[in-house]
Amino acid sequence: MTGYSHTAAPPDSGLIVPPGEGRTLRAAAQHVTFKVTGAQSRIASSFEVLVPPGFDVGAHVHARSEELFYVLEGELDVLAFEPRVRTPDGWRGWRSPTGERVVRATPGTVIVVPPGCPHAFANLGEVPARMFFQSSPPPDHERYFEELLDILSADGPVDHGAIAALRRRYDVEQLTPLRHDPPARHP
């Protein structure tokens, strides 16, 4: 990582993170590049996230965290409302009391999620989606991503018990399961 220091900037200097720079964590289910951490900002942690086809973060809610998503490339199905009924699966069919439904977020779409608002995203397409993601306050999501990608990188099937324990530690009430079902490759 040339030209990029992952340390706090002096109080009279800003931070510039060039394209392609930042610490990247990779698993088959997600690639997360740390752009701004709690060491550089008191306001929010910022990430660039590559969401592969077949990844569904599952509907969840945070009691304290506020999040912002900005779709850069690809498409994601996105939920950001309280449904009439929280069913344990199938969040893409949820509806709000006012008729809101899951939307297809395309490049340029911004999603803001206040504390207490159920939300989810899934890539049902055949190409990866890329988004800018911000979570406040820092650094909880940084630690969460580090531990989540360790779990997702392990050999064998996803350890849903480990993910559930991780989410409880980091202000994530999981409403529907996290899934990664990559599309079958055609010969």
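Colleague: In what order do the six strands of the open sheet lie, and is the pairing parallel or antiparallel?

Modeller: The order is β1-β2-β3-β11-β6-β9, and the pairing is antiparallel. Bear in mind that this is a predicted model.

Colleague: Which are the edge strands, and what makes them edges?

Modeller: They are β1 (23-27) and β9. Each of these strands pairs on one side only.

Colleague: How far are neighbouring strands of this sheet turned against each other?

Modeller: By 20° on average, with direction ignored.

Colleague: What makes β6 and β11 count as paired?

Modeller: Two strands pair if DSSP finds at least two bridges between them. Strand β6 (residues 66-73) and β11 have seven, in the antiparallel sense. Therefore β6 and β11 count as a pair.

Colleague: Which residues stand opposite one another there?

Modeller: Glu73 faces Arg130 in β11. Leu68 has Gln134 of β11 as its bridge partner. For Glu66, the partner in β11 is Ser136.

Colleague: How many bridges join β6 to β9?

Modeller: Four, with β9 covering residues 110-113 and the two strands running antiparallel. The cut-off is at least two bridges, so β6 and β9 pair as well. Tyr70 stands opposite Val110 of β9.

Colleague: And how many bridges are there between β3 and β11?

Modeller: Seven, again in the antiparallel sense. There, Glu48 stands opposite Phe132 in β11.

Colleague: At what angle do α1 and α2 pack?

Modeller: Helix α1 (residues 140-153) and helix α2 (residues 160-169) pack at about 180°. Their axes are 10 Å apart.

Colleague: Why is α1 called roughly antiparallel to α2?

Modeller: Angles over 145 degrees count as roughly antiparallel. The angle is about 180°. That makes α1 roughly antiparallel to α2.

Colleague: Which residues make the contact?

Modeller: From α1, they are Tyr144, Glu147, Leu148, Ile151 and Leu152. From α2, they are Ala162, Ile163, Leu166, Arg167 and Arg169. By class, this contact has seven nonpolar, no polar and three charged residues.

Colleague: What is the phi of Asp171?

Modeller: About 60°, a positive value although Asp171 is not a glycine. Asp171 lies in the loop between α2 and β12 (173-174).

Colleague: How do you know whether Asp171 is buried or exposed?

Modeller: Buried means under 20% relative accessible area. Asp171 is at 9%, so Asp171 counts as buried.

Colleague: Which residues does Gly125 touch?

Modeller: Pro53 and Pro183, not counting residues up to four places away in sequence. The C-alpha atoms of Gly125 and Pro52 are separated by 8.7 Å, although these residues are 73 apart along the chain.

Colleague: How many helices and strands does the protein have?

Modeller: Two helices and 13 strands.

Colleague: How do you know how compact the protein is?

Modeller: The radius of gyration is 17 Å. The globule rule gives 16 Å for 187 residues. Those values are close, so the protein is as compact as a globular protein of that length. The C-alpha trace spans about 50 × 45 × 35 Å along its principal axes.

Colleague: What share of the 187 residues is buried?

Modeller: Buried residues make up 41%. Among contacts between residues at least 6 apart in sequence, 73% join residues at least 24 apart.

Definitions and conventions
Residues numbered from 1 in each chain as written. Predicted model: local features only at pLDDT ≥ 70, side-chain atom pairs only at ≥ 80, totals over all residues. Heavy atoms only, no water. Axes fitted to C-alpha atoms, helices over the stretch in contact; angles between N-to-C directions. Parallel < 35°, antiparallel > 145°, perpendicular 65-115°, else oblique. Contact = heavy atoms within 4.5 Å. Nonpolar A, V, L, I, M, F, W, Y, C, P; charged D, E, K, R; others polar. Buried < 20%, exposed > 50% of the residue type's maximum accessible area, 1.4 Å probe, protein only. Rg over C-alpha atoms; globule rule 2.2 N^0.38 Å.
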